[in-house]
Amino acid sequence: MPEIDALFESINVHDLLAGHDLNDPTTPLSAPDLRLLVNRLESHSLRIKSKVQSYLVSHHSEFSNLFSTCQDAVSRTRLISDDVVNLISVRSVDVEIREVVDEIREKSEEVRLKRELVELVSVVVGICEVVKEAKEGLKRGRFRFAAERIREMKGVLRVGEEVEEGEPLVYVLLRKEWSCCFDEIQEVLAKFMESAVCFELESCKLRISYQLSVGEITGISLSTVLEAMEVIGMLDYGLAKAADLIFKHVITPAVIHASTFNVVEDSCKTSGDVTEAVLKLEQSSDHKTEDVDGDAIYSGILKIVKFICSSLCFGNVTWIHSFGRLTWPRISELVISKFLSKVVPEDASKLADFQKVIERTSQFETALKELSFISPSDEEGRLSKYAENVEVHFASRKKIEILAKARSLLLQCNFTIPKGLAMRNASFKSDGVESIDENLSKHIVRLLFTSEMMFVCPLQELLQSFTMLLEIPYFYMKLLFPSRYLISSLITRNVKLEKQLNGINQAAVLLHNDCLYLFEEILGIAFEYRASFPSSIKEYAVFADVAPRFKLMAEEVLQRQVQLVVSSLQEVIDSADGFQDTHQIKQFESAKFSIEQVVFSLEKVHMIWEPVLRPKIYRHSMCLVLESVFRRITRDILLLDDMAADETFQLQRLIHLMMENISSLLGSLMI
């Protein structure tokens, strides 16, 4: 309404209050001014109302249409609102929508599952068809075709891989079916290989047939069988029996009887085609000398291997290597045990002559590598390594022989002193043994550090064995010090002598002397051979951990003997009943008998110890025994409560009797 807008814009306060300065905000309006302003505003208001009324009258139809339109819109809105309210009150729309979405999802999942089932069924059908084709091919002799089908299905079925959770059961059943089919073709191929290679014991012939027949399957070539075995990965399994047969009946005789057998190769032809290959072991009419260098053995094995490579493996490197992997470990062990170990020199001076064997062995292994019979990557150089380590094998053999001899000497010791041997060490001059024959002199030794003479078991041969071990070259490289074995042998001997060590006898005293002797000799040997030790161990090879064990063993044995003697004498003194009432005849006789038994035991110990023990050790040990006896007798007498005069004289008689009887023993203790 532009007229109304113009009317409102025409109202201006400045015009209504004309003549009054409105620019000054501090000037107040007077009452007349305000009344004038009100009157003029009322006049303008009346004009505006009349204008609005006239405008409405002139546009009545437009306003009527506008209000009717608004009324229709409100009515339709009310109807829609009522419909929505009714719809919400009956069923929720979102529930229906969710149900529709769920139904769509279920239908889609069913379609997907059916599609996957269709694909699975098609795969299962395909696998079943392939397995069926493999079985049919196997029955018709199409081994290569059947093997390829089996290999193909192995990848599809993931045979040998970890089974996933939730895998269909049909895959498990298919794997079982595949396994049965694999076992069947493996069995058939193994039978063909068994029929292809045979050995005739009577004629000593190895026959390899090229046209094979088993049951209803005929006319199969050997190469086809080998190809099928390679395809399905059973080459080692298929060749195992053939390898065992050839090793047992062909290679073993060729190694053991190399000088009496010749290897002759032959073949049979039919219509120009070779039907079989023959390898014959012929008895040689020539009396050959011993095969010292291994030429006959190595040349015989090479002929056999070449025959196998050409006639059985048809020059196929994979087949040759498989056969070599099955037989080479046993061949090398056979050559080592039957040839190389036996030609190791027994004398160190002949080690240089073994070089020819080393060269021939290396040439032999090189020839096998060129034939691909052995792989150059792994430990196939075992023969060369064995031959090159001849010093170690020589030392090992000598060590076994010497230690066996030493152990035998230890176990044969009877620990007795021959009759006629002098009774005292003092009877020998300081510069040697006087008037003793050769058989007895081996029981008398001079200690290394004290120069004293001492009786021992015949240990000279044992020490010679010990020193021979120290002279073996390369022995230290393996840290096989023979002294450790010597200790174990002596400990074993001590166990054997356990019953004797539990009694008072010469064996225990001789064992004590042996240990002392070995203690000093081992220390001396360490310095004697010091110059020949390798520089890396020269500062450590002093047997400092070994020699003291012998000394400790000697002390333990002697201490045990002293304790046994003391215990025995204490029991004898116990029978005197404390030397009470010796003035009575019965009690005196009992005490006298006890004293006589003590003297007898002391004389017995004196006779056992004095001829054998070193003087200083003998005096010390015997003094310990006498001190124990005198202390016990003195204690028993001092513990008597009261003594009559007669009892005093009887005790004095007993003491004099004992001292008179042991006078010779006491004389032996004088320096």
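This is a short tour of selections in a predicted model.

Local features here need pLDDT of at least 70, side-chain atom pairs count only at pLDDT 80 or more, and totals for chains, interfaces and linings use all residues. Residues are numbered from 1 along each chain as its sequence is written, and side-chain values use heavy atoms, with hydrogens and water left out.

**Stop 1: helix H7.** Select residues 169-196, which make up helix H7 (a DSSP run of H or I, at least four residues, numbered from the N terminus). Now pick Val172 within H7. Valine 172 counts as partly exposed because its relative accessibility is 31% (buried is under 20%, exposed over 50%, partly exposed in between; 1.4 Å probe, protein chains only).

**Stop 2: the cysteines.** Look for disulfides (cysteine sulfur pairs within 2.5 Å): the structure holds 0. Select Cys180, which is in no disulfide; its nearest cysteine sulfur belongs to Cys181, 8.7 Å away. Go on to Cys309, also in no disulfide, where the nearest cysteine sulfur is that of Cys313, 6.0 Å away. Cysteine 309 counts as buried because its relative accessibility is 7%.

Stop 3: Select residues 211-214 for strand E3 and 217-221 for strand E4 (strands are DSSP runs of E, at least two residues). The two run antiparallel, joined by 3 bridges (pairing takes at least two DSSP bridges). Val214 stands opposite Ile217 in E4. End at the turn: 2 residues lie between the strands, and Gly215 there has a positive phi of about 65 degrees.
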